[in-house]
Amino acid sequence: MTARQTMMLLVALVLSMPVLIHSFKPLFSSPSLTHRDITQRAVLRKTAEVCRDIAASKGLDFSLTIDNSLSVEMVQRACSSAGTSTSLLSTIKFVTSIATMYLSNAIVDQMFVLSAERHFDDETFQKGRDIITKGVSAVKASVKLENFNTGRWTLGQICHTLQDFYSHSNWVELGNKAPYSALIRLDQPLQNLAGPSTPTCRNCIGDNCTNNILPDVLQRGLLTSGYFNIFFSSKPAGKCSHGGFFDRTSRKDPVGGINKDTFDSSHGFLHYDAANLAVLATMELLEDIRLAAGDRNFTRLMGLSQSPVLCFVIDTTGSMGDDIAEVKRVSSDIINRRRGTEQEPSAYILVPFNDPDFGPLIMTANADVFKEHINRLTASGGGDFPEMALSGLQLALTAAPPFSEIFLFTDAPAKDIYLKSTVTALIGSTKSKVTFMLTGISLSRRRRRTPQGVAPRAMSRSDVQVYQDLAQASGGQAIRVTKSELSLVTNIIEDSSASAVVTVFQAARNPGRPDNFTFTVDGLLRNVTVYITGASPLTFSLTSSTGVSQNSSQSSGPLASFTKTGNLHHLSLNADNQTGLWQISISSNNPYSVKVTGQSSVNFIYNLVEELEGAHGDFSLKEGRPLSGGNTSILITVTGSDTVKVTEVTLFDSSGLTEVNGSLQSLGSGNFLVTFSGVPAGEFVLILKGEDSSSTSKSTSSTFQRQASTQIKTTSISVTTQANNTNIEPGTTISIPFTVSTTTGGVIDDSGTGTFTVRVSNDRSYASTSPTSVTILAGSGGKANGTVTLTAPSSAASGTDVTLTIEAENAAATDINYAVLRFSVATKVTDVNPPVCEVVSTSGTCASSSSLCASSQWEFIANLTDGINGTGIESVTIRQGNGTLNISTAVGSGGENITAVAYIATCCSQTVELTAVDSAGNVGTCVGKAVTLTTPVTTTSPVTTTTPVTTSAVKTTSSRGHTLNISTILWISVLFSVPWK
């Protein structure tokens, strides 16, 4: 057997084997602490510290105690002015971002179960550190390009490796009480590593491993970690093992282990010490990222925002002039009214498309930049041809945060309909809603020209159905109006882009039939709105919990006011309506949908998870669709209230004929594990019901209801992947093995056979190879393997994200499943040294008394360098201090770039700490303190300091506590002369 065949066999084995956890448990464990606990505690504490520092810089109070008892709601409220306002507090983005990090953390035990360096097993300290430092560089590069979701995904994975160090090494046993900073700093050496032939352990005494590390190792302070292998028992003589049932090396002398993963582990008596150090180490890593990214981008990375993104995908062909003008109007209105408020969108995304082009994707947090790009849009070209609508939508889905809402404007069919299944997969993966604004569409052969002389696009019913299918799958809507009516329905954009919008109920009927729908209005809801989309004839009646009714012939009545535009009926419930169970009855034989929304702090997110067998049996994120007939597990997090009790979670068939009730397991802090047994084939939505005992509720009944928007569709096809790395260097190619299996009753059918069409797509149009099909042969165990390659061009910028979708469809084209993988382009880092600070002078003297501090000032002067081979200092920030910073750039006598900084402050602010970041994201600090006298100071002579540099031009910038970006290095002569009294 060749080496390649051996490797492929091993890969196939890994893809098919149960996952064997050998780390802090990923998600759930009591009373042991998990990777989820450690990650969430670190994120909440560090985010709170950043908010505290921001508040202090603005002279504001911050009264939150920062410790391990923090909750998402506590941190969000303390970091937001919502704590003192009447605005609804929405934590959904914060919760989603934290979930992304701890789920990507947990998946390391699934993707890299046999990687020693991913878990700091086998004394792989150098390789483990390389994974962390490369990952940190990738996170910083992603943040720089505002690819925050990819940054979170990468961050979660490197946190797993960092956290495992404290459980798998003897760092805790050596008596250390602080994190090992060298793990995140390549410029610091790893010291006192036990040699490859140095014995480190002795046999445990039965199950007692308390003293199995050799005393000589502890006395000399040697660093070691346990060996781990599920296949073989061999290990270097005298070395420690990881320990546990699945670790075969722990059965060979010296027997036992040293891991601290749980209280039941070999060194479980040190579990809390290891977990608490892991929290501190994760906070130290987050602080490094914060200093490189700046406070604003760091809080965006953490997801600390109340409002959703504003995302438009828009057709720019000739007939779309009216649509573009309306998009400009509504976006400008939203920006102007919400700028500087809690309702301001957290980011803005724009994707234009036509034929044959689509993009570029514009993503920014700067409203003015977004308006500038929107205002540049013009309508030209096109004609009668279909456009690249789904290509544009694919870009938006991979760029927008999970649970976003995307608005697509077009009057043409999709030319790239082959992407429909890919877009559907991305909708399922991101759980984002897509609402289509279809304008001026003619379904007949008779077509009239617009006033501009451009003929409307001909669109068949099947063309429209593509958009309707995607809208229904995502929980969005397909709204059809004339060009002149568009301005009457864009208020739906303003409704959806407000903060704390929740879905109370949603259903669709295709084919249409008369039906009754019930939904619960609770006292926590505001601004309840009902949307009905469907072609005429369609009538409806609304009945309140008290029996009062209003029908569709009454545009204004006792329950609501409503308007009809195109195929959209828009109902706004009156503010004084009673809470309780409501009913809406719809009569139509045409396809229609109904959706009920409102604003409330109480909401939920969900993620499909799967059980991992092994030493600690836990759960990890499941990509793709759940399997028909099998058990489905869903992790639900409820936000917005500490008084909420979840009583029921149901999978509700979109046809309304099937309901599957789940069994609930409370995990604490608003988290619930819901298990559904024997889920049949079909398309489902998730409905959550519960009770709230909040005293602020105006309801006599505390019952509430929320619904997930995105459909959950089951499948009999399993698609699994095994990526060796989630980072790609520009100009390199990675291989992604995948396995397609047939299943029966939710388990792999060993006797299954068949041929499956394989489709592979990525949102960056990077070069890729893949098989067009795979065949499961008799005797193959019901599985077929394949490999996808993905090549990042050498021109790809570091920090660029790329989303790869692998789909497998059966021969009858009746069933499909997918896997969605996210990668980050990361340039190999050669600059590992942080900027260096050389203090030139500190001038001025401050009196010890603070009563006259404002009448005196002092100055701190320093030179910052990044070395001759460094990437150059990119920014300098005042981390501490309330003064003015002036910056000049120069070239020193040795050819190195010099950034000269002069900081001036009154004696009321007597300490300054500057943060310098180079282009590689390395962070250096510079600290200065005023000279303090115990006797009053009257005057002093001017101080002059000259720095020897080569003379040329001068560039000077100044700042009061803000980051200064330095993009041009100039030659200067520096002369400082600062008199003061």
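This is a predicted model: local features need pLDDT of at least 70, side-chain atom pairs count only at pLDDT 80 or more; totals for chains, interfaces and linings use all residues.
Strand E31 (residues 767–769) and strand E33 run antiparallel and are joined by three bridges.

**Strands around E33**
- As background, strands of a sheet pair through backbone hydrogen bonds, and they do so either parallel or antiparallel.

**The six-stranded open sheet**
- Six strands line up in the order E3-E2-E1-E4-E5-E6 to give an open sheet with mixed pairing.
- Strand E3 (362–364) and strand E6 (478–481) are the edge strands, so each of them pairs on one side only.
- On average, neighbouring strands here are turned by 15 degrees against each other, direction ignored.
- Inside the sheet, strand E1 (residues 310–315) pairs with strand E4 (residues 405–410) in the parallel sense, over four bridges.
- Val-313 is the residue you'll find opposite Leu-408 in E4.
- Helix H12 (residues 367–376) packs on this sheet and touches E1, strand E2 (348–353) and E3.
- The direction of H12 makes about 15 degrees with that of E2.

**Helices H4 and H7**
- Helix H4 (residues 92–106) and helix H7 (residues 148–168) have axes that come within 7 Å and cross at roughly 45 degrees.
- That angle is why H4 is described as oblique to H7.
- The crossing of H4 past H7 is right-handed.
- From H4, the contact is made by Ser-97, Thr-100, Met-101, Ser-104 and Asn-105.
- From H7, the residues taking part include Arg-152, Trp-153, Leu-155, Cys-159 and His-160.
- Sorted by class, the contact of H4 with H7 has four nonpolar, nine polar and one charged residues.

**Helix H14, tucked inside**
- Helix H14 (residues 420–430) is largely enclosed by the rest of the structure, because nine of its eleven residues are buried.
- Among the buried residues of H14 are Val-423, Ala-425, Leu-426 and Ile-427.
- What do the buried residues of H14 pack against? Their partners are the helices H13 (389–399) and H15 (461–474), along with the strands E5 (433–439), E30 (754–762), E34 (801–810) and E35 (816–825).
- H14 is followed by Lys-431, which has a positive phi, near 60 degrees.

**Backbone spots to check**
- A cis peptide bond joins Asp-253 and Pro-254, with omega at about -5 degrees.
- You'll find Pro-254 in the loop between helix H8 (215–220) and helix H9 (271–293).
- Gly-359 and Pro-360 are also joined by a cis peptide bond, and omega there is about 5 degrees.
- Pro-360 belongs to the loop between E2 and E3.
- Glu-146 has a phi near 65 degrees, a positive value in a residue other than glycine.
- The loop between helix H6 (125–144) and H7 holds Glu-146.
- Is Glu-146 buried or exposed? Glu-146 has a relative accessible area of 19%, so it counts as buried.
- Phe-403 is a residue other than glycine with a positive phi, near 65 degrees.
- Phe-403 lies in the loop between H13 and E4, and at 27% relative accessibility it counts as partly exposed.

Key
Residues are numbered from 1 along each chain as its sequence is written. Side-chain values use heavy atoms; hydrogens and water are left out. Axes are lines fitted to C-alpha atoms, for helices over the stretch in contact, and angles run from 0 to 180 degrees between N-to-C directions. Helices (H or I, at least four residues) and strands (E, at least two) are DSSP runs, numbered from the N terminus. Angles under 35 degrees count as roughly parallel, over 145 as roughly antiparallel, 65 to 115 as roughly perpendicular and the rest as oblique. A crossing is left-handed if the near helix is turned anticlockwise from the far one by less than a right angle, and right-handed if clockwise. Contact means heavy atoms within 4.5 Å. Ala, Val, Leu, Ile, Met, Phe, Trp, Tyr, Cys and Pro count as nonpolar, Asp, Glu, Lys and Arg as charged, and the others, Gly among them, as polar. Two strands pair if DSSP finds at least two bridges between them. Buried means under 20% relative accessible area, exposed over 50%, partly exposed in between (1.4 Å probe, protein chains only).
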